Amino acid sequence: MRKPHQLALAVAAICCNAAVAQQVTGKIVDEQGLPVSNALVSLAGSNTEFKTAADGSFNLQLKKAGTVELHAEADKSVHKNWRLQVPAEGLNGLVLTLPTTALEVIDVKASPFHASAVESAMPVTVLSGEKLKMNQAATLGDTLKNEVGVHSNFYGSVASSPIIRGLDGPRVLITQNGLDAGDASRVGPDHSVSAEASTAEQIEVLRGPATLFYGSGAIGGVVNVVDQRIPTSNETKASYLLQRESVNNEKLASAAGQTAVGQLALYADVFHRENDSYKIPGTAETEPEAGEEQTGRVENTQGEATGYTLGSSYLLDNGYVGLSFGRLDREYGIPGHHHHHEEDAAEQDEAAESVYADMSQNRVQLLSELHFDHSWISGLNSRLGYTDYQHAEIEGGEVGTTFTNKSEEARFELLHREWQDWKGGLSLHYKHSDFAALGEEAFTPPSDSKMLALGWMEEKHFGPVLLQLGARVEQVKISATDVLLPELEVHSHDEDAHDEHEHDSAELVPFATEHKFTPNSLSAGLVWDFTEGYNLGFSLSRSERAPSAAELLSFGAHAGTSSYEIGALFVRNPDQDAEDAFVLNTDPINMETAHNLDLTLRKISDDFGFVLNAFYNQVDNYYYQANTGLFVENAEEHADEGTEAEHEHSDELPVYLFQPADARLHGFEAQLVWKLAEDWTWTNQADYIRARLKDGGDLPRTPPLRFSTELAYQGQWFSSDMRLTHYGKQDKLEALETETAGYTVLDANLNYYFDWADQAMALYLKGSNLTDREARVHSSFLKDLAPLPGRSIGIGIRGEF
């Protein structure tokens, strides 16, 4: 944490004897005065960065004298910034101290300013390095599921997305290098996130003022997947990974590398992943007899994915400009998404197993960061992207439904030079999405969404207090030309109800609709270094969000959620005796408004550290899927007349209506890290979310209380860790939900490090659910069909050079 007054005294005491003009030399040490080698030091406002030598020394050449800001980061150290006043004769003999910490401290790339996870007014989670390699999975949600405050909606290991503090879907923005992923994962849980963890450098989960740069779609948080597809240095390096998993016979190979020719930096990565359907606890050792159900695997959870990226950038003295192209092809089964037709048993099984998604995406990005020696402007960051996404749901060899999303996005951040010690800038952000769903299960009509926004962010140090301010105003337009209001035949299971609407079918007449919204958001946060090694973070924000196109326009059966979804553009007919159960909503469509309060206490130095977060989120007009108590016949189910299944309503879909209501979400997150000895670390984590409606009732699929404890060893040749995670039972339920029992999962990893042919190599074993415990994820739409995978042993090798 910065101490400008202490640093000024230190600089004043430096003896600058015969220093070279505009040269800054010194060394970086820890609090015991021992040198910190390989510390990455960067000069704010420029493309200059370097690493300290073995004795912690550095030598920085400046173009001219004046005020400069150095930022240093090192493994197992607190990241720090120093503001130096460099005279014409330069500075020599600087001694800068980086305190050690038991916490993992990583700089956040998604922020326009240098900021680590312990310098933010709001909690920030960053998964990187070896921990990312050992936790990476086929889906983003499963990759992040062990991070504090983050859960997975677990869609059978094929399309799982992250949940942040009980929020997901259109409230959690998934980005890749700061730009929207541009897929269909925010529309339904059965749609895969188009981001690959095996080639990522780090994955960031952030909330707070910085999220204002991303828009109202980030009202619940941002998950930013960072890679080096547009390289920012001329360093030559490469890495690769080979892995095999036992529970689903997964085979993974990935590689990435970069180099430079003069000022032209080049990058490439590639990966291939394939797996069978996964085993569940209690897998039978023998094949089932004819007609006997196989309970050993969750069918339709197989998958295959291939992708590559090519990128290049031109490195300038004051930044870089780069362009990249990425291609992703993925096929994955859709568990629970099958239809029973009038066929024999063998044909039914074959049809069920053939349901899968065929996804492809082309993605172009242009990224640029330029620093200026200007009296007013210090930098311009530019991010532009174009994404062409498509996925088709294949049923019995034929295309059932096709989803497409063509999107363009541009964001420009204009940073001003420090004025009265204020640092910040403006953000101009444009996003356009042309989304379409065509086919038998197109539950939402084609739509066109546009967003234009202006954002502002500032921060300033007042002694030990860092103040952060942010604001954003948006203009959002959602339009569609082929909206349908079907004549829906619904009924209730309540014998006393009168919700029986049956009528002869008539030709549907599509109509056009357009809705405009102006969301405004404000935030304020502070970080107070109230004593050495501790800080207190406080954040207050008010954010508005327009409903997404799916929340607004849906009207159809959604197989991914096993429900019939109706958007907020429609309402229940107040006349229960009328022929139509639902009619157009003539009231104004309200925006969602969230008031969020966060309090964070951190101990960030020495051998014992902790991060304690408490949050309260009051959301007015929270759009959720309200249970109407009505049911419709599933047109895709054709059970025989008079069967037992018919009496059990297995061929029906419950009707859910998107409608606004006031909601309250609150909870806590805690992480305690104790460095027991030089090579041993003990980490304990816990998080809890309570999500309910103000007028009574609980929000659906809320993750339960969770606690984990992990013991880790890190030596020169070996490392290992063992983690025990307990999930409590969840009995805070929405209508039609069932209680989920608690469970405990044991995971462990082992790494052996060695050098071979000038490569740093690691041979590793990773074990998950080692006790083979049956576990059902409450936040999953498929919890009754798809429990977590059973015991799995993975073996792999990775290398770097």
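The model is predicted, so local features need pLDDT of at least 70 and side-chain atom pairs count only at pLDDT 80 or more, while totals for chains, interfaces and linings use all residues. Residues are numbered from 1 along each chain as its sequence is written, and side-chain values use heavy atoms, with hydrogens and water left out.

Let's begin with the rings. A pair of aromatic rings is described by the distance of the centres and the angle of the planes. Rings of Phe, Tyr and Trp (for Trp, its six-membered ring) pair if their centres lie within 6.5 Å; planes under 30 degrees apart count as stacked, over 60 as edge-to-face and the rest as tilted. Searching the whole structure gives 19 aromatic pairs. One of them joins F530 and Y534, a tilted pair with 5.9 Å from centre to centre and 40 degrees between the planes.

How open are these two residues? Buried means under 20% relative accessible area, exposed means over 50%, and partly exposed lies in between (1.4 Å probe, protein chains only). F530 has a relative accessible area of 36% and is partly exposed; Y534, at 27%, is partly exposed too. Both belong to one aromatic cluster made of W528, F530, Y534, F608 and F610.

Now find W680 and Y713. Their ring centres are 5.0 Å apart and their planes meet at 50 degrees, so this pair is tilted. W680 lies in strand 37 (residues 680-693) and Y713 in strand 38 (residues 706-714), so the pair ties together parts that are 33 residues apart in sequence. Strands here are DSSP runs (E, at least two residues), numbered from the N terminus. W680 is partly exposed at 38%, and Y713 is partly exposed at 25%.

Rings can also have a charge over them: NZ of Lys or CZ of Arg must be within 6 Å of the ring centre and within 35 degrees of the ring normal. The charged end of R171 sits over the ring of Y622, 3.9 Å from its centre. R411 lies over the face of Y214, at 4.7 Å from the ring centre.

Finally, look at T740, in the loop between strand 39 (718-727) and strand 40 (743-756). Is T740 buried or exposed? With 7% relative accessibility, T740 counts as buried. Its side chain makes a polar contact (a pair of N or O atoms within 3.5 Å; within protein, one must be able to donate a hydrogen and the other to accept it, and residues adjacent in sequence count only if both atoms are side-chain atoms) with the side chain of H778, at 2.6 Å. Another polar contact, of 2.7 Å, joins the side chains of T740 and K783.

Technical notes:
Helices (H or I, at least four residues) and strands (E, at least two) are DSSP runs, numbered from the N terminus.
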